[in-house]
Amino acid sequence: MPIPVKPVNPVNDTGPSSRVSVPVPENWQHTYVSIRGANGQGEEIPLTGLKNGSWPAIVLQPGVSGLDLPPFELHADDSPNLDGSSFRSARAAARQILLPVFVYGIDRKTLRQFKRKLANSLNPKAGYCILTFIEQDGIPRRLQCYYAGGMEGNESVDAAGFKWISYGIQLVAMDPWFYGDTEVAAKWSFGSAQPFLGNPFLPLRLSSGTPAVESIEVTNPGDIEAWPIWTITGPLKSFEFTGPDGSKFGVPAQAGGADALPAGRTLTIDTRPGYKTVLDDQGKNYFPLMNPAPALWSVPPGTSTVKTNLVAGSGTPSVAVRLVPRYETY
């Protein structure tokens, strides 16, 4: 049953709504879409029409799906004595994408050659594909996908001809988030700092053998959490980083007062899922030296606070961080 509402004309209404300003639409060009196979190292194939009169042509058709918010799995607890369920958590599932495309060749030979090139590019045994979207603002968003089906071929009258064929290419993005080309980075060294997207970190003010505890602001410009990569250069006797949610990781003071990270050595802490490594520049694994139950935490979207507790050795240590923002849609 439709919900009854009173229609309002903001232009002709003589009431207070007549003073509503009518927005002026901005002239916005069409989205550029392309796909690149072989783990993103193959030839880029535009999907948004002819460019420079090149043939054969592949054109993205109406009916594309799966490019906005990814599907989510909801986890809940049920009680035998209460109605409904209690929400526990949610996780983004793999993203299913459908790309209807129309392929046209100037003759039968060019069509067959292009079909072979497209098939070789999409073959998941050769690696993942990079699906790229660029709007008029020129900022690219990229999605890593694997071909799942849709290019098996259908020679029916309404699906193919002597010089053309249509496909419904099905892709799966195991990582459902979009990435940009910009990596956010910041670095600090013994009392000096570099700005982090306009929000400068406070100087760490490290001094030899003296602990320094600071609250620093980190800005993640993406839509969801990002996983930072920390790079620490010694000498440091100990250090600890506390994330916005209270999770911690670090290396405590060593027996005998030796530096946990000697001068000139660099320790890289990669918090990204699938990596989770703590290695120095010589390949030494520092995980056994870390505090019990370390949590390699992520940075939420927006501006958040990170606490650092460092005890420097006799030298000038430095700390750097970099992260790649992630986005819900292009």
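**Figure 1. Overview of the predicted chain.** One helix and 21 strands make up the secondary structure elements of the chain. Of its 330 residues, 38% are buried. Among contacts with a separation of 6 or more, 68% join residues 24 or more positions apart. The chain has an accessible surface of about 18600 Å², and carbon and sulfur atoms account for 53% of that surface.

**Figure 2. The cis peptide bond between Gly 234 and Pro 235.** Most peptide bonds are trans. The bond from Gly 234 to Pro 235 is cis, and its omega is near 15°. Pro 235 sits in the loop that runs between strand E14 (229-233) and strand E15 (236-242).

**Figure 3. Asn 39, a residue with positive phi.** Most residues other than glycine have a negative phi. Asn 39 is not a glycine, yet its phi is positive, at about 60°. The loop holding Asn 39 lies between strand E1 (32-36) and strand E2 (44-46). Asn 39 counts as partly exposed because its relative accessibility is 33%, a value between the limits of 20% and 50%.

**Figure 4. Ala 293, a residue with positive phi.** Ala 293 is not a glycine either, and its phi is positive, at about 50°. Is Ala 293 buried or exposed? Ala 293 is exposed, because its relative accessible area is 73% and exposed means over 50%.

Terms used:
Residues are numbered from 1 along each chain as its sequence is written. This is a predicted model: local features need pLDDT of at least 70, side-chain atom pairs count only at pLDDT 80 or more; totals for chains, interfaces and linings use all residues. Side-chain values use heavy atoms; hydrogens and water are left out. Helices (H or I, at least four residues) and strands (E, at least two) are DSSP runs, numbered from the N terminus. Buried means under 20% relative accessible area, exposed over 50%, partly exposed in between (1.4 Å probe, protein chains only). Contact means heavy atoms within 4.5 Å. Accessible areas come from the Shrake-Rupley method with a 1.4 Å probe; for residues, only the protein chains shown count as cover.
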